[in-house]
Amino acid sequence: MCGRYVIARAVGDLLGGVELTEAVGNYNVAPTQTVPILVDHQDQGSWTRELHSARWGLLPRWAKDESFSSRAFNARSETVVEKPTFRHAVKAQRCAVPANGYYEWAKTHVDDGSSKGKTTKTPYFVHPENPKDSIYFAGLYEWWKIPSGENEGQWLLSTTILTTSSPDDAQIRDNQTLAELSRLHDRLPIPLRYTGEEDELTTWLRGVHAPQEAVARLRDNAYDVAAEWVLTEVGREVGSVANNGPELTEPVSRLI
């Protein structure tokens, strides 16, 4: 799964071919916060890529209130085509969620002398080796009409990130990063390959393939992109959303 990530870029930086006009600096993004997403729109045969702000946590059109989004920030790719929460969006409302990287916690069982022992959690920052590169998570978006309150009648844009199973032994293929990701967590946020041409990012955003085929392609290609990532152990401060700064992504220092 993906429950925390980083998106921090300066004015003028390019995200998927779109130039940032405002700086983005969130080193500890959490569900229900506002995040940038990439979408492609077609007008009279011409495609335009745009960057929009969305609530992280999908709000289907039938949701009764905003609290629903807190449990729909990830969508399992294996069931996304059938699930009522996502099946409308996956047909024609696909997006990409740009990130510098994401956080995941590795669980380790420790024998402390008790009958059950205890479980410790170690946070890792998963990111491209080149800090100038971005990850583009496959996502979906929805428009939700606010039913009451000060903003009654206005439309709220929301998003979710698709996930797949972590690589198994056959998919690891002696790749150290994939082996580490497999041990880190049983779920993996799905990345899109971006090359600036007719790439996987463009194919996904423009709905080239029907939902079932499109999602299957994402799962088939996810590990090839993830194999190029790096895992960096970081400090436990990332566990609190109150902490937010570039120091969260720095390697943890340990006394030997």
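# Rings, strands and cores

Me: What makes Tyr103 count as buried?
Reply: Its relative accessibility is 1%, and the cut-off for buried is under 20%, so Tyr103 counts as buried. Bear in mind that this is a predicted model.

Me: How do you know that Phe125 is buried too?
Reply: Same test: Phe125 has a relative accessible area of 7%, and buried means under 20%, so Phe125 passes.

Me: Why is the pair of Tyr103 and Phe125 called tilted?
Reply: Start with the distance. The ring centres are 5.4 Å apart, and rings pair if their centres lie within 6.5 Å. Then take the angle: the planes are at 40°, while stacked needs under 30 degrees and edge-to-face over 60.

Me: How many aromatic pairs turn up in the whole structure?
Reply: The search finds 8.

Me: What is the pair of Trp56 and Phe73 called, and why?
Reply: Edge-to-face. Their centres are 5.5 Å apart and their planes are at 75°; over 60 degrees counts as edge-to-face, so that's the name it gets. This pair links distant parts of the chain, with Trp56 in strand 6 (residues 46–56) and Phe73 in the loop between strand 6 and strand 7 (74–76), 17 residues apart. Trp56 and Phe73 are both buried. They also belong to a cluster linked by ring pairs, together with Tyr5, Tyr102, Phe137 and Trp229.

Me: What makes Val29 buried?
Reply: The relative accessible area of Val29 is 0%, against a cut-off of under 20%, so buried it is. Val29 is found in strand 4 (residues 24–29). Setting aside neighbours within four places in sequence, Val29 is in contact with Gly3, Arg4, Tyr5, Ile7, Val35 and Trp56.

Me: Why isn't Thr32 called buried or exposed?
Reply: Thr32 has a relative accessible area of 33%. Buried needs under 20% and exposed needs over 50%, so Thr32 is partly exposed. Thr32 lies in the loop between strand 4 and strand 5 (34–43). Its phi is positive, at about 80°, although Thr32 is not a glycine.

Me: What makes the meeting of Arg49 and Asp40 a polar contact?
Reply: Their side chains come to 2.7 Å, and N or O atoms need to be within 3.5 Å. The side chains of Arg49 and Thr202 are joined by another polar contact, of 3.1 Å. Arg49 is in strand 6.

Me: How do you know that strand 6 and strand 12 pair?
Reply: There are 2 bridges between them, in the parallel sense, and pairing takes at least two. Trp56 has Thr159 as its bridge partner in strand 12.

Me: Which other strands pair with strand 12?
Reply: Strand 7 pairs with strand 12 in the parallel sense over 3 bridges, with Arg76 opposite Thr163. Strand 11 (residues 135–145) runs antiparallel to strand 12, joined by 7 bridges, and Trp143 stands opposite Leu157 there. Strand 13 (residues 187–189) is antiparallel as well, over 3 bridges; Pro189 in strand 13 is the bridge partner of Thr163.

Me: What makes strand 12 mostly covered?
Reply: Of the 11 residues in strand 12 (residues 155–165), 9 are buried.

Me: Where does Arg94 lie relative to Trp204?
Reply: Over the face of its ring, at 5.0 Å from the ring centre; the distance limit is within 6 Å. Trp204 also touches Leu162 and Leu218, among others.

Me: How many residues does the largest nonpolar core have?
Reply: It has 64, and Trp204 is one of those with the most contacts inside it. Another core, of 7 residues, lies apart from it, and Tyr103 is among its members.

Methods. Residues are numbered from 1 along each chain as its sequence is written. This is a predicted model: local features need pLDDT of at least 70, side-chain atom pairs count only at pLDDT 80 or more; totals for chains, interfaces and linings use all residues. Side-chain values use heavy atoms; hydrogens and water are left out. Rings of Phe, Tyr and Trp (its six-membered ring) pair if their centres lie within 6.5 Å; planes under 30 degrees apart count as stacked, over 60 as edge-to-face and the rest as tilted. Helices (H or I, at least four residues) and strands (E, at least two) are DSSP runs, numbered from the N terminus. Buried means under 20% relative accessible area, exposed over 50%, partly exposed in between (1.4 Å probe, protein chains only). A charge sits over a ring if NZ of Lys or CZ of Arg is within 6 Å of the ring centre and within 35 degrees of the ring normal. A polar contact is a pair of N or O atoms within 3.5 Å; within protein, one must be able to donate a hydrogen and the other to accept it, and residues adjacent in sequence count only if both atoms are side-chain atoms. Contact means heavy atoms within 4.5 Å. A nonpolar core is a set of buried Ala, Val, Leu, Ile, Met, Phe, Trp, Tyr and Cys residues joined through side-chain atoms within 4.5 Å.
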